[in-house]
Amino acid sequence: MEGEMQGLVEHAAKPQISGFEDLAYGSLSGMMGKFVEYPFDTVKVRLQTSETHVFSGTLDCLKQTWLHEGFRGFYRGLTSPLLGAMAENAIAFYAYNRIQSAIRAVSREPEDRQLSRLQLFASGALSGAICAFVISPVELVKCKLQVENVQAYGGAPAAGGTKFSGPVSVVVHLLRSQGLPGLYKGILPTVARETLGVGFWFGTYELVCQQLLKWHHPRDAARLSKSDLGPGSIIIAGGCAGIGYNITSYPIDVVKSFIQTDDVRAPAANAQRAGIAHTVRTVYARGGIAAFYRGLGITLVRAFPANAAMFMTYEYLARMSVALRRH
């Protein structure tokens, strides 16, 4: 057992795959997860940003999206977030593992000693902050495409009319009307969400893996690594990571989505950009604390399989790479 490949934490302390492989495997894991989660994400964003009379709940949103737009409606605007997810995960895994190496160097932690949970959380949080600057423009484009058709569901004309044919048209419109800063609308809540969320994402994954090792190997857990866990355990840990990310960061995500879609939902009433404080008050006025969790149910449903797929893809590609190198 001890001679088997080492997992994520040990590979961070003693890198056994290159930085390029980290980027490649992270990118592929992001692509896999995005295909799984995107239809659920479309429903989530529409529930977050629509008026309460448009959808009565998750099932109604699913039904109306299917009736008005068919299967393609659930994947509307996929191109931009698919590329974004590939870039985000590539950077997240690369930064996470390299930040751990930096922490070890600064604190002079022995290579064979696992970092503390606080250090692992900090590594994840810093990697999330870095990722935010990559995904913020991507999520802005995605949210606008996901939401722009919704106002017409109740029979009323869409706010300002449907004006985007795809991701490129959104980018062109933003650059012409607002310049480069327009692509970073909502950057502050995005940074906050990713810093907190990714810290819990990696932190939860590491914690669950540690607990599963103790459960499966109570006597040998201290000398084993995540590579000694089977696919079922990786699925559980990855799924729990997704739950941890979303539960902790969801209210911030609601504020972020609201800010990024204000001009699409009601352009005439948004000649000036609404700030974070104003947006928080607006969301609260729509239903109190519960308004910050609207759409959380569908988000948690998609979080488990999507994140399980991501960690499975990354972990087993990394293991395969090490195994091939040793032969």
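Predicted model: local features only at pLDDT ≥ 70, side-chain atom pairs only at ≥ 80, totals over all residues.
The crossing of α6 and α9 is right-handed. The axes of the two helices, α6 and α9, come within 9 Å and cross at roughly 70 degrees. An angle from 65 to 115 degrees counts as roughly perpendicular, so α6 and α9 are roughly perpendicular to each other. On the α6 side, the residues are Ser 136, Glu 139, Leu 140, Cys 143 and Lys 144. They meet Lys 256, Ser 257 and Gln 260 of α9. By class, the α6 and α9 contact has 2 nonpolar, 3 polar and 3 charged residues.

Now step back to the whole chain. The protein chain holds 12 helices and 0 strands. Read along the sequence, its pattern is α-α-α-α-α-α-α-α-α-α-α-α. The chain has 327 residues, and 54% of them are buried. Take the contacts in the chain with a separation of 6 or more. Residues 24 or more positions apart account for 82% of these.

Return to α9, this time with α8 as its partner. Helix α8 covers residues 187–216, and helix α9 covers residues 231–260. Their axes lie 7 Å apart, and the helices pack at an angle of about 165 degrees. Angles over 145 degrees count as roughly antiparallel. Therefore α8 and α9 are roughly antiparallel to each other. The crossing of α8 past α9 is right-handed. Sorted by class, the residues of the α8 and α9 contact are 18 nonpolar, 11 polar and 4 charged.

Is Arg 193 buried or exposed? Its relative accessible area is 3%, and under 20% means buried, so Arg 193 is buried. Which residue does the Arg 193 side chain join through a polar contact? The partner is Asp 253, and the contact between the two side chains is 2.6 Å. Leave out residues up to four places away in sequence, and Arg 193 touches Ile 135, Glu 139, Val 198, Tyr 245, Ser 249, Ile 252, Asp 253 and Lys 256.

The axes of α2 and α9 are 9 Å apart, at an angle of about 75 degrees. That angle falls between 65 and 115 degrees, so α2 and α9 are roughly perpendicular to each other. From α2 come Lys 44, Gln 48 and Thr 49. Facing them in α9 are Tyr 250, Asp 253, Val 254, Ser 257 and Phe 258. The residues of this α2 and α9 contact divide into 3 nonpolar, 3 polar and 2 charged. Asp 253 is among the α9 residues here, and its side chain is also the one joined to Arg 193.

At 0% relative accessibility, Ser 29 counts as buried. A polar atom of the Ser 29 side chain lies 2.7 Å from the backbone oxygen of Gly 26. Beyond its neighbours within four places in sequence, Ser 29 is in contact with Asn 89, Phe 93, Met 310, Thr 313 and Tyr 314.

Next come two residues in loops. Tyr 75 sits in the loop between α4 (71–74) and α5. With 25% relative accessibility, Tyr 75 counts as partly exposed. Setting aside residues up to four places away in sequence, Tyr 75 touches Phe 35, Tyr 38 and Pro 39. Tyr 75 and Pro 39 are 36 residues apart along the chain, yet their C-alpha atoms are separated by 5.8 Å.

How exposed is Arg 108? Its relative accessibility is 75%, and exposed means over 50%, so Arg 108 counts as exposed. The backbone of Arg 108 has a further feature: its phi is near 60 degrees, a positive value in a residue other than glycine.

How values were computed
Residues numbered from 1 in each chain as written. Heavy atoms only, no water. Axes fitted to C-alpha atoms, helices over the stretch in contact; angles between N-to-C directions. Helix = DSSP H or I, 4+ residues; strand = E, 2+ residues; numbered from the N terminus. Parallel < 35°, antiparallel > 145°, perpendicular 65-115°, else oblique. Left-handed = near helix turned anticlockwise from the far one by under 90°. Nonpolar A, V, L, I, M, F, W, Y, C, P; charged D, E, K, R; others polar. Buried < 20%, exposed > 50% of the residue type's maximum accessible area, 1.4 Å probe, protein only. Polar contact = N/O pair within 3.5 Å; in protein donor to acceptor, adjacent residues only side chain to side chain. Contact = heavy atoms within 4.5 Å.
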